[in-house]
Structures are given as C-alpha cells and as structure tokens.
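Subject: Structure for you to look at

Hello,

Here is the structure I said I would pass on. Please open it beside this message and follow the notes below.

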Amino acid sequence: MNSICFDTETTGLHPNGSDPDEILTISIIGRDGSVLLDERFRPTVKTEWPHASAINGIYPEDVADLPTIETAIPRLREIFAGADEVIGYNVGFDLGFLAAVGVRPREDARITDTMNLFKWFMGKRKRYKLVDAADHIGYEWTGRAHGSLADALATLAVQRWLEQWLVAE
C-alpha cells in the first residue's frame with residue numbers, strides 16, 4: 001500500500017468564500033519518512049495573515065518572492081493520485097485547502113485522520129493538538145512544531161505509535 005502523510009500551513013482557517021485563506025506550505029512524506037514534497041508558496045489573494053503568522057511563523061516577506069501554489073498543482077495531483085492511503089492530523093482541514101486548488105485524493109483512497117485515532121485511543125471526547133499527541137508518545141521534534149514538514153513527521157510518528165499499540169492489543 002502506498003501511504004502518504006502530509007501537512008499544510010495556511011494563512012487562516014477558511015479555504016473558501018469571498019476572502020479565502022491559502023496554503024503557504026505543504027509537506028508530503030512517504031510512510032518511510034522520505035520527503036516527497038516540501039514547498040512554500042506566495043499567496044495570490046492574501047497580503048497579510050497576522051493570526052496565522054503568530055502560530056506558524058510564516059510572514060508575508062518570507063514568501064513574497066516565491067511561486068504560487070499553481071506551479072505545484074501537477075506534482076500534487078500526481079502524488080495524491082498514487083496514494084492508496086492519505087494520513088494527516090485533522091486531515092479534513094488540509095484536504096479542504098487542497099480541494100480549493102483542485103487537488104483531491106483518489107475516490108478509493110483510505111483517508112486516515114490521526115487526530116481522531118488519538119482521540120479514540122485517549123478515550124475522551126476532547127480534541128487533542130498534535131503537540132499533545134506527540135508529547136504523549138515521547139516524540140522528539142525534528143524542526144519546529146507548526147512547520148508543515150515537522151508536523152507531517154510528528155503525525156507519522158503518532159500514527160505509527162497508534163498502529164503498534166493496536167497490534168499489541
């Protein structure tokens with residue numbers, strides 16, 4: 001099975017509407033942790049995103065000279081078309097942003113939301129942040145949390161840990 005794990009960083013929370021937020025970075029890794037894509041983009045609509053910048057550390061000047069996401073759409077479509085499983089933490093959020101630019105997983109692809117699996121594992125109705133799940137399993141971060149590559153790697157680590165726990169049970 002060809003599984004990919006991915007994460008995005010965005011200008012905000014809403015990929016649709018009259019003033020849509022946009023993808024600033026996307027990182028996609030294979031199940032083995034290999035980096036398939038790790039790119040940053042210049043938004044086409046937004047010129048500033050102070051609330052998101054406070055979280056993800058990406059400011060307008062960081063991406064001002066970069067290409068827009070349109071340049072990566074063919075590669076994104078190719079990667080998602082080849083994926084039997086798409087893994088993400090709160091994966092619906094990221095998939096919503098990809099759908100807004102015309103990128104979707106295959107209809108038969110398995111969509112795995114590591115956040116929901118971790119919530120189930122914890123046996124609580126509460127929603128856990130990725131940093132909480134990573135801390136719970138003793139994960140040592142590679143890079144800064146809220147960076148798309150660091151978050152994709154942490155998500156994959158949490159996913160693997162949960163799968164090992166399920167096998168052990």
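A residue counts as buried when its relative accessible area is under 20%. By that cut-off, Ser3, Cys5, Asp7 and Glu9, which point one way from strand E1, are buried, and so are Ile4, Phe6, Thr8 and Thr10, which point the other way. Please keep in mind that this is a predicted model.

The sheet

Strand E1 belongs to an open sheet of five strands. Their order is E3-E2-E1-E4-E5, and the pairing is mixed. Strand E3 (35-40) and strand E5 (110-113) are the edge strands, each pairing on one side only. From one strand to the next, the twist averages 20 degrees.

Strands of a sheet pair through backbone hydrogen bonds, and the pairing is either parallel or antiparallel. Both kinds can be found around E1. E1 and E2 run antiparallel and are joined by seven bridges. Within that pairing, Cys5 stands opposite Ile29 of E2, and Thr10 has Ile23 in E2 as its bridge partner. On the other hand, E1 and strand E4 (residues 85-88) run parallel, with three bridges between them. Here Ile4 has Val86 in E4 as its bridge partner.

E2 also pairs with E3, in the antiparallel sense, over five bridges. One of the residues to look at is Ile28, whose bridge partner in E3 is Leu37. E2 and E3 form a hairpin, with four residues between them. Gly33 sits in the turn of this hairpin and has a positive phi of about 90 degrees.

How well covered are the residues of E1 and E2? E1 is mostly covered, with eight of its eight residues buried. Strand E2 (residues 23-30) also has eight of its eight residues buried, so E2 is largely enclosed by the rest of the structure.

What is the volume of the largest pocket? About 750 Å³ of space lies in it. The largest pocket is lined by 28 residues, and those closest to its centre are Leu13, Ile55, Phe93, Arg127 and His146. Strand E1 (3-10), helix H1 (50-56), helix H4 (91-100) and helix H6 (130-136) each supply at least two residues of this lining. H1 gives the most, with five residues. Sorted by class, the lining of the largest pocket has 13 nonpolar, eight polar and seven charged residues.

The second largest pocket has a volume of about 160 Å³. Its lining is made of 14 residues, of which Asp21, Glu22, Ile23, Ile69 and Val101 lie nearest the centre. Nine residues of the lining of the second largest pocket are nonpolar, one is polar and four are charged. Ile23 is the residue in E2 that is the bridge partner of Thr10.

The aromatic rings

A pair of aromatic rings is described by the distance of the centres and the angle of the planes. A search of the whole structure finds eight aromatic pairs. One of them is formed by Phe93 and Phe97, and it is tilted: 5.0 Å centre to centre, with 55 degrees between the planes. Phe93 and Phe97 both lie in helix H4, four residues apart, which is about one turn of the helix.

Phe97 is buried because its relative accessible area is 2%. Phe93 is also among the residues closest to the centre of the largest pocket.

Phe118 and Phe121 form another tilted pair, 6.0 Å centre to centre and with 35 degrees between the planes. Both lie in helix H5 (residues 114-122), three residues apart, again about one turn of the helix. Phe118 and Phe121 are both buried. They also take part in a cluster, in which ring pairs link Phe118, Trp120, Phe121, Tyr128, Trp161 and Trp165.

Regards

Definitions and conventions. Residues numbered from 1 in each chain as written. Predicted model: local features only at pLDDT ≥ 70, side-chain atom pairs only at ≥ 80, totals over all residues. Heavy atoms only, no water. 1 Å grid on protein atoms, 1.4 Å probe; cavity = no way out; pocket = protein on both sides within 12 Å on 5 of 7 lines; lining within 4 Å. Points joined across faces, edges and corners; volume = space filled by probe spheres on them. Nonpolar A, V, L, I, M, F, W, Y, C, P; charged D, E, K, R; others polar. Phe/Tyr/Trp six-rings, centres within 6.5 Å; stacked < 30°, edge-to-face > 60°. Buried < 20%, exposed > 50% of the residue type's maximum accessible area, 1.4 Å probe, protein only. Pairing = 2+ DSSP bridges. Axes fitted to C-alpha atoms, helices over the stretch in contact; angles between N-to-C directions.
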